[in-house]
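Dear colleague,

Please find the structure below, handed over for your records. My findings follow it.

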Amino acid sequence: MGPQGSGKGTQAETISKKYGLEHVSIGDLLRAEVASGSETGKIVEKYMREGALIPMHINNAIVKKVLEKNKKILLDGYPRNREQAEFITENTNPKCIIVINISEEESITRLSKRLICTATKKIFIEDKITQEDIQECEKQGGKLIKRDDDKPDAIKKRLDIYNTETKPVIEIFKEQNIPIINIDGEKSIQEINDEITEKLKPYIEN
Ligand code: AP5
Ligand code: MG
């Protein structure tokens, strides 16, 4: 968990590989649904573009399918409200919750500079991207894009939802004695990666 741009996707990509977990980003699954052009995708697109949460029945169906397939999962971007938190504790047994914290100013700065490869879903920073990164993405048949919801109005709405609906969920997990790992998300990507790797060990390796 963590506010928009805190690095959930960036960290989940490498942490999941280190620990042999499946990285499940609900946002990526929803974007794939939109790209498929399905009827559900058309509904999802409208919500996502505005930065609103997708209705429960759509994303819970996606999460349920994922949970049935694999039990060793690193969930990125779920749960985001009380109902989803209840769905998770009813349907699975979370080992721990990682919360990456950053300020609102940092969220806005990062999201305005984010680029994503459409083929690999790899995440980049606009002013740090290299020629090699661009070529690798193109080699995989993708191109580098900005997300539709990384626009000022949608970012504001997403941050509001995080503060009012998602953040309180952390308290629900605390009450249930599910371990919470708090991470300062304003360090370097590598430092954060090392810290998460270290703090996750006790929960994964036994
Ligand atoms: P989702 O795709 O999950 O978006 P989000 O929660 O808004 O989070 P982001 O993906 O924007 O940020 P991130 O924390 O992954 O940061 P990243 O690693 O990319 O969800 C999108 C939408 O889908 C929602 O708004 C909603 O509509 C829908 N949705 C999703 N889940 C849902 C649910 N459960 N229920 C209902 N609807 C749902 O990093 C950001 C940038 O910062 C990158 O450029 C990166 O390179 C850079 N960066 C990362 N770490 C650092 C660092 N340490 N220092 C400097 N730069 C860094
Ligand atoms: Mg993400």
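This is a predicted model: local features need pLDDT of at least 70, side-chain atom pairs count only at pLDDT 80 or more; totals for chains, interfaces and linings use all residues.

Strand β4 pairs with two other strands. With strand β5 (residues 123–125), β4 pairs in the antiparallel sense over three bridges. The two strands form a hairpin with five residues between them, and K121 in the turn has a positive phi of about 70°. With strand β6 (residues 144–145), β4 also pairs in the antiparallel sense, here over two bridges.

Residue I116 takes part in both pairings: its bridge partner in β5 is I123, and in β6 it stands opposite I145.

**Packing of helices α2 and α4**

Two packed helices are described by the angle between their axes and the distance between the axes. Helix α2 (residues 26–36) packs against helix α4 (residues 56–69) at an angle of about 110°, and their axes are 11 Å apart. Angles of 65 to 115 degrees count as roughly perpendicular, and α2 and α4 are therefore roughly perpendicular to each other. The crossing of α2 past α4 is right-handed.

On the α2 side, the contact is made by I26, L29 and L30, which meet I58, N59, I62, V63 and V66 in α4. By class, this contact has seven nonpolar residues, one polar residue and no charged residues.

Yours sincerely

Notes
Residues are numbered from 1 along each chain as its sequence is written. Chains are lettered from A and ligands numbered from 1 in the order in which they are written. Side-chain values use heavy atoms; hydrogens and water are left out. Two strands pair if DSSP finds at least two bridges between them. Helices (H or I, at least four residues) and strands (E, at least two) are DSSP runs, numbered from the N terminus. Axes are lines fitted to C-alpha atoms, for helices over the stretch in contact, and angles run from 0 to 180 degrees between N-to-C directions. Angles under 35 degrees count as roughly parallel, over 145 as roughly antiparallel, 65 to 115 as roughly perpendicular and the rest as oblique. A crossing is left-handed if the near helix is turned anticlockwise from the far one by less than a right angle, and right-handed if clockwise. Contact means heavy atoms within 4.5 Å. Ala, Val, Leu, Ile, Met, Phe, Trp, Tyr, Cys and Pro count as nonpolar, Asp, Glu, Lys and Arg as charged, and the others, Gly among them, as polar.
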